[in-house]
Amino acid sequence: MQYEITEQIPLLDEQGNLTRAGYAKRLLPVYDRKKVRGGVTRLKEWDYYYVGNQRFGVALTVADNSYMGLDSISFLSFEGEPWEVTKSPMSVFPMGRTGLPATSAAGITASAGKRHALLFQVGEGQRKLTAHMDNFLDRQPIDVHLTLTGEPEESMVICTPFEKAGHFYFNQKINCMRAGGTVKIGETVYEFDPDSSFGVLDWGRGVWTYHNTWYWGSASGLVEGVDFGFNIGYGFGDTSAATENMLFYGGRAHKLSSVDFGIPMRDGREDYLSPWRLTSGDGRFEMSFAPVIDRASCTDVKLIKSDQHQVFGRFSGAAVLDDGTVLQVRDLFGFAEKVENKW
């Protein structure tokens, strides 16, 4: 049984612990940074957007992880010989001065350095994403001007405790937003058409334990002309009250139980570019995943480690809604990832 939060509540009590563990379909828990008690250097806050279609995609991140700040821009091309470029300038000890909003529903997220800037503006029914970075690809700059609209009524919201007091994970994932605008790299312009381009938001706030591994998958698109997407994931914290697995169809969320990422193995290691098989414990999510490109990176400086494999590709299979309706999914573009962090 998974616990659904159906009313507005404070996220944290006076000891910095979750008032309730569980999931919601709207941003009902209210986050108050002043109630964080798990240690100022353990607080992690981030806004991550991915916008893409069948041909190309862009990912934008602003993160304030207390002792380390991160701004990141990735561009991926899925046509011909797939390629990707990621640049992620870091800063030391931002300690919350980035000023990320306490809600995903409104506000401004902004961060900049000597040669880059990112700006996310939320309000009036849209999300405007703007970014610039010098020397992004072959000494050419990148400029991003995107607008996300059509935000669905329901999304995935999860309140996950850790075993350690004062530690928690508060997260919202919004799928199936329509995306329009351009990304320009040098003189090459990539146009995002809202009829075929979709955006997802990963909005996270929390006090994390030091060493964690997580799995996350997401896709947004159309099934028989209706907006369809999913969020799947697991790997850290106490998920006995709820998982973060959901389907989204026509703006409504449909809750799933556990989901397993069947990453193929070869010679004792994950073979990320071979076909995967993803299955749910309740039999309502059965997908094959055909990888196109692995956006892999590994930073290991002993005390801080981040080993990431974000694999983009096509999902095909069946998904079952709450009322038993079976949706046949074919070549839905998205990603699935495995990340190990010591942070």
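Two strands pair if DSSP finds at least two bridges between them. With that in hand, let's work through some exercises on this predicted model.

**Exercise 1.** Which residue of E12 is the bridge partner of Arg-127?

*Solution.* 
Step 1: Look at E12, residues 140-149, which pairs with E11 in the antiparallel sense over eight bridges.
Step 2: Within E12, Leu-148 is the partner of Arg-127.

**Exercise 2.** Which residues take a positive phi in the hairpins of E10 and E11 and of E11 and E12?

*Solution.* 
Step 1: Two residues lie between E10 and E11, and Glu-124 has a positive phi near 55°.
Step 2: Two residues also separate E11 from E12, and Asp-138 in that turn has a positive phi of about 50°.

**Exercise 3.** What is the order of the nine strands in the open sheet, and which are the edge strands?

*Solution.* 
Step 1: Read the order as E20-E19-E18-E17-E27-E26-E25-E24-E21, with antiparallel pairing.
Step 2: The edges are E20 (252-255) and E21 (259-262), each pairing on one side only.
Step 3: From one strand to the next, the twist averages 20°.
Step 4: Now pick out E26 (residues 305-320) and E27 (residues 326-342), antiparallel strands joined by 15 bridges. Lys-305 stands opposite Lys-342 of E27.

Methods
Residues numbered from 1 in each chain as written. Predicted model: local features only at pLDDT ≥ 70, side-chain atom pairs only at ≥ 80, totals over all residues. Heavy atoms only, no water. Helix = DSSP H or I, 4+ residues; strand = E, 2+ residues; numbered from the N terminus. Axes fitted to C-alpha atoms, helices over the stretch in contact; angles between N-to-C directions.
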